[in-house]
There are 2 protein chains.
Amino acid sequence: MNIAFGVDVGGTDIKFGMFQEDGRLLSKWRIPTRIADNGQRIFDDIAEQLQDKIKEASLSAEQILGIGCGIPGPVDNQSFVRTCVNLGITDIYPGEELSKRMRGLPVRIGNDANVAALGEMWKGSARGKRNVLLVTLGTGVGSGIIIDGRIVNGLHGLAGEIGHFTVDPGEQEACTCGGRGHLNQIASVMGVLRYAKRFLQESREYSVLREKEDFNCIDLTNAAKEGDAIALKTLNYCMSCLAKALAITAHVIDPDIFLIGGGMAKAGGLLIDLIEKHYLSNLYLMPQRTEIRLAALGNDAGIYGGAKLILDRKGD
Amino acid sequence: MNIAFGVDVGGTDIKFGMFQEDGRLLSKWRIPTRIADNGQRIFDDIAEQLQDKIKEASLSAEQILGIGCGIPGPVDNQSFVRTCVNLGITDIYPGEELSKRMRGLPVRIGNDANVAALGEMWKGSARGKRNVLLVTLGTGVGSGIIIDGRIVNGLHGLAGEIGHFTVDPGEQEACTCGGRGHLNQIASVMGVLRYAKRFLQESREYSVLREKEDFNCIDLTNAAKEGDAIALKTLNYCMSCLAKALAITAHVIDPDIFLIGGGMAKAGGLLIDLIEKHYLSNLYLMPQRTEIRLAALGNDAGIYGGAKLILDRKGD
């Protein structure tokens, strides 16, 4: 029985998955991310966890196909990470760092959104597709692109940065990158909450959201489902901006399917309905609509994708 | 000596190239496109031309690797053409049509812009690159995308349709597709001339262009090079819109290089300077600029790319 490990390194915690070759998840666990020393602590911690697991499961070196690892920052075609703010690392080849701590085991590195997209293609909502765009609506808006079954990194590791499309030229506040009116500022969890507050301020209309001291995106989504006008207006506006970005992307890569993941995806079918409505109104050339679906693997997409990075490597 | 044929089917004429395996162009010629009978005449004409050439060059069936053919419309991943307005064809597999007229020789079909991009990657300005975006500024704005050395078609054959990005939301006239403010209406030869006339009408400033009864894009370009204010304003505005579209595309596929081809590319270095200036002002994330270069093969890019489609097939 051959084994592949998937590791998803986040700013808060590191997720691990041990997989059989056929995709069966045998074990998963997580540890907190300890940021120090240009990431050296992170690689030490990952290696220690994996070695403990290998011992625990009595795996031989021959059984282990390798380790696939997602990183929350740009990874270029040479698996080089120039800078990853969330992990406090710069100018490093994370694959080499990890491999040398694992007696030369094969390690493959990818951007976390790309790796999650690969996971969804393998065992999630995009099964059977070869060309996938996954958008994650979390703290920010990330996206991962798969073309012909393979991750697209881009020259600077910046493929799939649709969060930095300008979708609202009138926006006055600045995006984290310094730009204005970016999708990232609007369709992320933070963005949606910001717009809800803005719409509440701009009107005197009744809203259940006014009764709370503060609210999160679950509150907002629940309010929308119950027909709250401000909550609906917010989701409608924010998803119209997302749809605009998806339509633009369709004119570049025309994928087989769009997947929506991340915290906002908890809003479920309502979200997909709103995105589809606006997506169609932004298209002129497409003869048929492209499927838009919720991602299926949630927080596990990264570990699935990591394992798949290694399994795909066998054919290279 | 093995031979591959490249065929570039346009609305006005069909271009042919006979290539050695190493990329040497042995012979090229063209015939007018005869549109009739759902494209049947076109396939008959191509087959007749190729058979004559095969006889003339005394080629044996074993020597001929196949025929790669660019079509001026969307070609999907199954090489199906749903509709190609310029050739008056619908619901057809052009590869099968041609192959059955050529005693079963292998035929591969691609969208003309994509095939031209492949040609430029093989023997033109993008030699040595694996990820290329070619934009052709001709009657309309077309583009071809290569990722990891392969053409990206897209689910509906509509990958690379960046001509239908909305880059000027204020535009009142309609694009051929029914939308408004699309790049196609602005950075194409027709678009640039339209804007020059608009800017001439809107001002009373002196311009050498006013002295002509009508002018083409060569006149406009020459005027710009001589410092004509209206000509410069026109190119500057139209290329700022193109640059916006390239920046958007960089956030999707982050290619190794952008190539600019088509009739407008005759403006040369001036055009590239303008595009680069505006491209940089649209980027927030990219640590380095991406190279923007003029395409090198001109009208021959399609026949080169066609031959390469067949040569790549050998490795499949």
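Helices (H or I, at least four residues) and strands (E, at least two) are DSSP runs, numbered from the N terminus. The model is predicted: local features need pLDDT of at least 70 and side-chain atom pairs count only at pLDDT 80 or more, whereas totals for chains, interfaces and linings use all residues. Residues are numbered from 1 along each chain as its sequence is written, chains are lettered from A and ligands numbered from 1 in the order in which they are written, and side-chain values use heavy atoms, with hydrogens and water left out.

Contact here means heavy atoms within 4.5 Å.

Helix H2 (residues 94-101) of chain B is mostly covered, with six of its eight residues buried. Buried means under 20% relative accessible area, exposed means over 50%, and partly exposed lies in between (1.4 Å probe, protein chains only). The buried residues of H2(B) are Pro94(B), Gly95(B), Glu97(B), Leu98(B), Ser99(B) and Arg101(B). Their cover includes helix H1 (40-56) and strand S4 (64-71) of chain B. Strands S5 (81-84), S6 (89-92) and S7 (107-111) of chain B also belong to this cover. Arg103(B) follows H2(B) and has a positive phi, near 50°.

In chain A, six of the eight residues of H2(A) are buried. These are Pro94(A), Gly95(A), Glu97(A), Leu98(A), Ser99(A) and Arg101(A). They pack against H1, S4, S5, S6 and S7 of chain A. Just after H2(A), Arg103(A) takes a positive phi of about 50°.

A cavity is a set of points where a 1.4 Å probe fits but cannot get out, and lining residues have an atom within 4 Å of a point. Grid points are joined across faces, edges and corners, and a volume is the space filled by probe spheres set on the points. One cavity of 30 Å³ or more was found. The largest cavity has a volume of about 40 Å³. Its lining consists of Val9(A), Ile42(A), Phe43(A), Ile46(A), Cys69(A), Ile71(A), Leu87(A), Ile89(A), Pro94(A), Leu98(A) and Ile109(A). H1, S4 and H2 of chain A each supply at least two residues of this lining. H1(A) gives the largest share, three residues. The lining has eleven nonpolar, no polar and no charged residues. In this classification Ala, Val, Leu, Ile, Met, Phe, Trp, Tyr, Cys and Pro count as nonpolar, Asp, Glu, Lys and Arg as charged, and the others, Gly among them, as polar.

A disulfide is a pair of cysteine sulfur atoms within 2.5 Å. Cys84(A) is in none; the nearest cysteine sulfur, that of Cys69(A), is 10 Å away. Cys84(A) is buried, at 1% relative accessibility. Cys69(B) is likewise in no disulfide, and the nearest cysteine sulfur, that of Cys84(B), is 10 Å away. Cys69(B) is buried, with a relative accessible area of 2%.

Most residues other than glycine have a negative phi. Ser58(B) has a positive phi of about 50° although it is not a glycine. Ser58(B) lies in the loop between H1 and S4 of chain B and is exposed, with a relative accessible area of 59%. Asp148(B), also not a glycine, has a positive phi of about 55°. The loop between strand S9 (141-147) and strand S10 (150-151) of chain B holds Asp148(B). Asp148(B) is partly exposed, at a relative accessible area of 37%.

Met239(A) is found in helix H6 (residues 229-253) of chain A. Met239(A) is buried, at 0% relative accessibility. Leaving out residues up to four places away in sequence, Met239(A) touches Leu137(A), Ala187(A), Val192(A), Leu271(A), Leu274(A), Ile275(A) and His278(A).

Definitions and conventions:
1 Å grid on protein atoms, 1.4 Å probe; cavity = no way out; pocket = protein on both sides within 12 Å on 5 of 7 lines; lining within 4 Å.
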